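Me: Hey, I've just opened this one up and I'm new to it. Can you walk me through what's there?

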Amino acid sequence: MKVDVARTRALWTANKPGDSAAPAYVPDPPAWWGVALALVAALVLQTSVAPWLAVRGARVSFVTLIVAWYALRTGSLHGVTFGLIAGSCEDALAGSTGVAWTFATAFVGGACGRFARTWLADMRIALVPGAALVTLVRDCAFLVLMQAQGLALPLPALHFHAMLWQSALDALVALIVLQIFPQLGAARAHRR
Amino acid sequence: MIVASSIALIQLESLKTGKPSVIAVAVASVAVYAQSATAAVQGVARGAAASVADAPRLAAQNQALRDKNRTLRLENERLREALAAAPDATAIADANARFGPGVEATVVGYDPEALSRTVTLDRGALAGIKSNDGVLDDDGVVGRVVATAPLSSTVLLVTDGASKVPAIVQRGRWWGIATGTNTSVRLEYVSQDAKLKVGDAVVTGEGRSFRAGLVIGSVTRIDHPEGALYQTALVTPSVAFGRLSHVLVVSPNPSAAKPAEPSE
């Protein structure tokens with residue numbers, strides 16, 4: 001496993017930005033069916049089991065982590081598309097949020113996709129705080145979109161408190177997952 | 001690009017028309033099966049663990065309940081006698097008719113994020129559930145239906161910040177609006193001359209989703225600021241939302257939807 005990560009990093013390093021030569025690697029994006037299965041599992045966890053694991057009114061958002069990770073590995077367009085799908089599922093299950101999760105998640109997918117194939121996407125030390133930041137940005141976008149739809153949440157202070165806790169939980173989960181599966185912390189690629 | 005555009009347009013169209021999108025209906029219908037299965041497994045596991053852990057406490061509680069049951073049975077017999085002797089039997093029949101039959105449902109899912117308080121039921125439009133139907137359990141008011149799919153429906157709990165239910169303090173018939181605070185309920189817009197007390201029962205007023213007199217909770221704190229137009233009370237809900245399982249969905253009160261008839 002570690003050899004695989006080291007090989008992938010070496011391939012990335014061999015293709016520094018500014019190099020005029022053709023890329024020395026070809027990225028291997030994650031299989032779409034694997035990500036789709038992960039999304040389904042995340043939704044089931046969040047709607048059935050996660051309420052029992054809530055910490056101070058906040059829960060881990062596995063959906064955010066999966067969308068951000070997939071966007072980092074594939075790019076903005078795939079990130080936006082996957083974000084729209086994941087967000088639509090969340091809106092359907094929440095029932096009272098209109099289309100707020102749909103476009104908040106798509107926004108996050110698109111934003112994370114901008115960092116695909118950059119050093120940030122392969123730097124584990126940046127991925128953990130990045131998970132917290134992405135969660136916070138998505139939740140803020142959600143509140144803005146709720147307001148735009150006329151579905152304003154009347155207790156913003158309370159929700160901001162929950163958002164901060166959710167960010168911390170997401171960062172913790174990202175750290176644990178990257179410790180167990182270090183290969184997720186670097187893009188897969190093969191030599192041209 | 002085409003897929004992304006299609007999803008965005010479908011979602012925007014649903015926002016414009018105010019109806020659930022095809023995506024929302026499909027996802028909600030499929031998800032209810034997975035959620036039902038997970039909820040069933042959880043229910044068995046929780047029940048087994050709780051029965052082992054709570055055995056000594058349950059024995060004592062059982063004895064206390066037997067005593068209470070005896071007292072209540074005696075009181076029930078006395079009240080039945082009083083009811084049978086009541087002169088206006090027609091009024092009671094009318095009240096019973098207003099209750100109407102309900103749809104029994106099981107809670108199978110929760111809000112995917114923690115930013116709102118909603119639950120998913122395993123019965124939907126095919127069972128006759130509609131938006132704004134009231135949801136109750138043995139202890140009182142749970143919430144109201146905000147979205148329905150053919151096989152599932154979503155309920156906004158009374159503890160959600162967006163929930164507003166007309167309410168009455170039972171002792172003095174003072175009116176207010178019960179609003180969620182995410183963990184409990186706040187009774188707002190209560191007149192300053194209302195003499196609220198801690199422990200007062202708060203029930204529903206005649207409204208869109210509920211008939212009058214259903215228990216919401218009891219007052220645990222009163223805020224009576226000087227110079228304010230209204231006073232506010234914190235209400236602890238009678239329903240234990242942490243272990244919500246079986247609920248009853250009742251249709252909105254038809255008389256609340258009708259315009260008021262002119263007085264003669």
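Me: Let's start with one residue. What does A:Phe142 touch, leaving out residues up to four places away in sequence?
Reply: A:Phe142 touches A:Ala100, A:Trp101, A:Ala104 and, over in the other chain, B:Leu115. Keep in mind that this is a predicted model.

Me: Which helix is A:Phe142 found in?
Reply: A:Phe142 sits in helix H6 of chain A, which covers residues 124-148.

Me: And is A:Phe142 buried or exposed?
Reply: Buried, because 26 other C-beta atoms lie within 10 Å of A:Phe142, and 20 or more is what counts as buried.

Me: How far is A:Phe142 from A:Val99, C-alpha to C-alpha?
Reply: Their C-alpha atoms are separated by 9.1 Å, while along the chain the two residues are 43 apart.

Me: What about H2(A) and H4(A), what angle do they make?
Reply: About 25 degrees, with the axes 11 Å apart. Angles under 35 degrees count as roughly parallel, so H2(A) is roughly parallel to H4(A). The crossing of H2(A) and H4(A) is right-handed.

Me: Which residues meet there?
Reply: A:Val35, A:Leu39, A:Leu43 and A:Thr47 in H2(A) meet A:Phe82, A:Ala86, A:Cys89 and A:Leu93 in H4(A). Seven of the residues in this contact are nonpolar, one is polar and none is charged.

Me: OK, switching to chain B. How many helices and strands does it have?
Reply: Chain B has five helices and twelve strands. Buried residues make up 35% of its 264 residues.

Me: How are the strands arranged? Which order do they follow in the barrel with E1(B)?
Reply: Six strands form a closed barrel in the order E1-E2-E5-E4-E3-E12, with antiparallel pairing. Ignoring direction, neighbouring strands there are turned by 45 degrees against each other on average. Helix H2 of chain B (22-53) packs on this sheet, touching E1 (103-110) and E2 (118-121), and its direction makes about 90 degrees with that of E1(B).

Me: Who are the neighbours of E2(B)? How many bridges join it to E1(B)?
Reply: Three bridges join E1(B) to E2(B), and the two run antiparallel. E2(B) also pairs with E5(B), antiparallel again, over four bridges. B:Thr120 takes part in both pairings: B:Gly109 stands opposite it, and its bridge partner in E5(B) is B:Thr154.

Me: Which way do the side chains of E2(B) point?
Reply: B:Thr118 and B:Thr120 point one way, B:Val119 and B:Leu121 the other, and all of them are buried. In general, side chains in a regular strand alternate between the two faces of the sheet.

Me: And which strands close into the barrel with E6(B)?
Reply: That one runs E6-E7-E8-E11-E10-E9, six strands with antiparallel pairing. Its twist averages 40 degrees from one strand to the next. Within it, E7(B) (174-180) and E8(B) (185-191) pair over four bridges, and B:Gly180 stands opposite B:Val185.

Methods
Residues numbered from 1 in each chain as written. Chains lettered and ligands numbered in written order. Predicted model: local features only at pLDDT ≥ 70, side-chain atom pairs only at ≥ 80, totals over all residues. Pairing = 2+ DSSP bridges. Axes fitted to C-alpha atoms, helices over the stretch in contact; angles between N-to-C directions. Contact = placed C-beta atoms within 7 Å. Buried ≥ 20, exposed ≤ 12 C-beta atoms within 10 Å, placed from the backbone. Parallel < 35°, antiparallel > 145°, perpendicular 65-115°, else oblique. Left-handed = near helix turned anticlockwise from the far one by under 90°. Nonpolar A, V, L, I, M, F, W, Y, C, P; charged D, E, K, R; others polar.
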